[in-house]
Amino acid sequence: MKILLTGANGQLGRELVKRLKGTEFLATDAAEMDITDPAGTLRVIGSYQPDAVIHGAAYTNVDAAEGNPEAAYKVNAVGTQNVAAACLKYGAKLVYVSTDYVFDGTLGRAYNELDRPNPQNVYGKSKHAGEMLAHHILNELFIVRTSWLYGDGGNFVRTMLKLGQERDEIKVVDDQHGCPTWAADLAEAILRLLKTEQFGIYHAANAGVATWYDFAKKIFELSGNSRVRVLPQTTAELSRPAPRPAYSPLENLMLRLTTGHALRPWEEALREYLAGLKHITA
Ligand SMILES: NC(=O)c1ccc[n+]([C@@H]2O[C@H](COP(=O)([O-])OP(=O)(O)OC[C@H]3O[C@@H](n4cnc5c(N)ncnc54)[C@H](OP(=O)(O)O)[C@@H]3O)[C@@H](O)[C@H]2O)c1
């Protein structure tokens, strides 16, 4: 299967590139294919003629999106429309990667694929618009929602490890709940799903539930830093521009039912990720 990646330099993109080595694929990021340019997107997809496009490119700065909705919608909604239109024209399947932030976080349990989105911030609204636009254009579509990603790039784990070198105390939010997810596990789930013809909506996040505070404590525990004290903080105290859902874990219901595989517990994935980082810095 010939695969074209968007957002190939992002956290998910890098993990996909690693796993696709030795197969026929084209890695694109903004320099090779700016998805906000419809003609350029058609040209690149048309000249490569992929069987499938894995679309990870996105405007992912949640707080910046709040002050610049047009930039977020341009990439996440219109950009996705451009990618989907090119897939329709050239007969490619599409995997659109979306987010737990399409939910409002008020349900009181983990969200499955049958639950109704109700995004509360601009980023979530723009990603949900991308879902709907892709859905209007394509039948051969996988929408894969994930959450709290970390991998090869700037992310919460790396921020905590860095702060842990600089400070003795770190305050971390303890009233937002979600599923920390290693981009490597997500990449594998996407490639497994792509082999099926079971198009639809999927949640793909590491199993279990954590707050950012739980996540931070586990990062220090597993990386052997017992010096730093992690203190709980409320979302209101932190006062970020974008509202976030208080409880948006993703249940991998459809993934389990169709592929028989759900992602492993988040603590296990984090342990392996940290072991890999130690190996790199050793
Ligand atoms: N990160 C998370 O916690 C999280 C959570 C839930 C869902 N997701 C979704 O998962 C997917 C992958 O996330 P990620 O963390 O891997 O993202 P990321 O590291 O921010 O990577 C996104 C990539 O998209 C590229 N991009 C931005 N605008 C573009 C454009 N106009 N044309 C082409 N490429 C463009 C970026 O390039 P530049 O760097 O050059 O701008 C970047 O390489 C995204 O769809 C995201 O919405 C992420």
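These questions and answers look at aromatic rings in a predicted model.

User: How many aromatic pairs does the structure hold?
Analyst: The structure holds 12 aromatic pairs.

User: Why is the pair of F103 and Y111 called stacked?
Analyst: The angle between the planes is 15°. The centres of F103 and Y111 are 4.1 Å apart, and the limit for a pair is within 6.5 Å.

User: How do you know whether F103 and Y111 are buried or exposed?
Analyst: Look at relative accessibility. F103 has 1% and Y111 has 2%. Buried means under 20%. Therefore F103 counts as buried, and so does Y111.

User: What makes the pair of F142 and Y202 tilted?
Analyst: Their planes stand at 45°. Stacked needs under 30 degrees and edge-to-face needs over 60.

User: Which parts does the pair of F142 and Y202 tie together?
Analyst: F142 lies in strand β5, residues 141-146. Y202 lies in strand β10, residues 200-203. So the pair ties together parts that are 60 residues apart in sequence.

User: Why is F142 called buried, and why Y202?
Analyst: F142 has 1% relative accessibility, and Y202 has 3%. The cut-off is under 20%, so F142 and Y202 count as buried.

User: Which residues form one aromatic cluster?
Analyst: W148, Y150, F156, W182, W212, F215, W266 and Y273 do.

User: Where does K2 lie?
Analyst: K2 lies over the face of Y48, at 4.6 Å from the ring centre.

Notes
Residues numbered from 1 in each chain as written. Predicted model: local features only at pLDDT ≥ 70, side-chain atom pairs only at ≥ 80, totals over all residues. Heavy atoms only, no water. Phe/Tyr/Trp six-rings, centres within 6.5 Å; stacked < 30°, edge-to-face > 60°. Buried < 20%, exposed > 50% of the residue type's maximum accessible area, 1.4 Å probe, protein only. Helix = DSSP H or I, 4+ residues; strand = E, 2+ residues; numbered from the N terminus. Lys NZ or Arg CZ within 6 Å of the ring centre and 35° of its normal.
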